[in-house]
Amino acid sequence: MNAADIARLLRPDAVHRDVYADAALFALEQERIFRRAWIYLCHESEIARPGDHVLAQLGPDEVIVARAADGSIAAMHNRCAHRGTRLMVAPRGNTRLFTCAYHAWSFGLDGALDSVPAPEGYAAGFAGGKPGPGLARVARVASYRGFVFGSGAAAGPDLCVFLGGLASALDNMVDRAPGGAVTQAGGRLRMEFRGNWKLFMENAVDLVHPQYVHGGSVAVAREARDAAQLEGQAGQTTQMLLANGLRLSDWETIGLHAFAEGHVFMDGFYRDGVIASERADPLFERYREALVETHGETKVREILAMDRFNNLIWPNISVNSRFQNLRVVQPVAVDRTVVTSMCFRLEGAPPEMFDLSLRFLNTASSPASLVASDDLEIFERCQRGLADPAADWVDMSRAIGRDVPVGGGAIDAPGTSELPARAQMRAWRTWMEAESA
Amino acid sequence: MNIGDLKAGAGSALAPGVLDELREFAFEEARLLDAGRFEAWVDLFAEDGVYWVPAEPGQPAPEGTLSLFHETRPLLRLRARRLTHPQTHIQAPPVRTHHHLSNLSGSDLGGGQYLLQSMLLMAEWRNGEQRLFSAACEHCLRRTLAGLRIAWKRVELLNCDAPHRAFAIPF
């Protein structure tokens, strides 16, 4: 498909249904977006020691991300250079060499061929530290504040430029750690839905849906709010459900912000109780004191004042800095998506702060979530409807006349605008129109 | 006994007749879930009862880790009410389940508490598709004036660490 074919799928106010439902277009997305853009691979804390490695997805391809003896990080495709066998099968581990189970070719932590059995059968210098057939390296790997990204394209914007205005989301998460670093901890949650990946990314900053999609949960939380149930973990979950019960006029006041790169964030809407952004309970005060010791009062006020809900780094991650969460949206097929969610511990903070982070994701991102389970159901209904060619165009025109340009291609909009979906589609068009990287 | 305190092989042999009692309790629990009587199911939990479905195999305790479900009674009550609320989209149409329990064994933990271990197969019919879940369950049951109550229930799904589509009815 050339640029003109892509352009025909988009109008300023609408998107062709093929963008969600056409398998050939999905395959092209894998090539032009997920094999080229900067894709989140892992956090440096997962591969802290030399030899540590994890498996990660770089779009459709599985890669090994490893820490070498000199502390550097490399990412290689998880296929043996000999016969193409999937090399590593455990999701994480520590090793000196990656050895293939089939014919025992071994590769170093940087992917270079280390040794082969019966080397006399090969030309001299085939292996043994000489330049030989090593693992296919991911073209570019870079870390930003401990978050490791990979790009399958040798050329293109560097990671900092790519992250643009939303590097601030990663900065803010790390700045919230009195010890100056975060550690990925607490395992992972995985949700799946039979729908296109973009449905999740658009919905994460759609502020009209909560009162309709989450109405059932809001209603039962309202019934419970007067009981003695607002203690501990039940209290946090109930507060999170209640927060979804704003009226449309309230949602309208939550700011939406889009960047030229396709990244989007929405301001926070957690105002009450244990989920408020600054509060007076003893735990938060202990935490705040530790943070002031590191940064000083002025900077701490600035850090804590950054109250955003979802920060979406295009194409496929959602960051919540306040609760130290990251969600990775993995496209599996045109109509199948897996969302992996994880927490980060704030180093130097009271350990109980991590409980808030865990409880946030348990509430928001489990397949059993009282919030997300209804979103997943709606995504599946969207996908079923979009498979029907009865109508071509999917409307995203709400508040299109109310965009406020704020410089550098960035745009602000009121809470109920469909600006986020339009901004994501603009980035989609830019990457999809480029026939070469 | 808290959920993380259980040691392998803990407890002593049950007195005659007690396993029948525990088994009947678990069967009644399964019947309530299959009948959509979710609030009555929550009533089976003790005031301080905990329902836990770990997200990774072999986890000893829910603290410090993400979970598929980790809920105390107030949240279970909220979940139960939600399942019958007309705006709960995942229940449109209502999900049907069969909870099958087998391989039941028990031990006496002392202090009026019992451990019941079982295997669970839950067949679920949702929106035109059937799913089958297999799990190993542990119930810590406590004798109270009102009868047996669940102090905690741990359900380890065989594929707990797989990506899952939305869950509606508890296991």
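Guide: Gladly. This is a predicted model, so local features need pLDDT of at least 70, side-chain atom pairs count only at pLDDT 80 or more, and totals for chains, interfaces and linings use all residues. Residues are numbered from 1 along each chain as its sequence is written, while chains are lettered from A and ligands numbered from 1 in the order in which they are written.

Visitor: How many residues does the largest nonpolar core have?

Guide: A nonpolar core is a set of buried Ala, Val, Leu, Ile, Met, Phe, Trp, Tyr and Cys residues joined through C-beta atoms within 7 Å. Buried means 20 or more other C-beta atoms within 10 Å of a residue's own, with C-beta atoms placed from the backbone. Leu41(A), Val63(A), Val65(A) and Ala75(A) have the most contacts inside the largest core, and its residues number 165.

Visitor: Which helix of chain A gives the most to this core?

Guide: Helices are DSSP runs of H or I with at least four residues, and strands are E runs of at least two, numbered from the N terminus. The top contributor gives seven residues and covers 419–433: helix H15.

Visitor: Where does this core lie relative to domain 1 and domain 2 of chain A?

Guide: Domain bounds come from an automatic or database domain assignment. Domain 1 is 39–151 and domain 2 is 164–433. Both give residues to this core, so it lies between them.

Visitor: Which strand gives the most to the side of domain 1 of chain A that touches domain 2 of chain A?

Guide: Two residues are in contact if their C-beta atoms, placed from the backbone, lie within 7 Å. The contact takes 10 residues from domain 1 of chain A and 12 residues from domain 2 of chain A. On the domain 1 side, three residues come from the top contributor, residues 39–43: strand E3 of chain A.

Visitor: What is the radius of gyration of chain A?

Guide: The radius is taken over C-alpha atoms, and the globule rule is 2.2 Å times the number of residues to the power 0.38. For 437 residues the rule gives 22 Å, and chain A is close to that, so it is as compact as a globular protein of that length. The value for chain A is 23 Å.

Visitor: Which element gives the most to the side of chain B that touches chain A?

Guide: The contact takes 28 residues from chain B and 36 residues from chain A. Strand E2 (67–72) and helix H3 (73–83) of chain B each supply at least two residues of the chain B side. With six residues, the top contributor is H3(B).

Methods: Buried ≥ 20, exposed ≤ 12 C-beta atoms within 10 Å, placed from the backbone.
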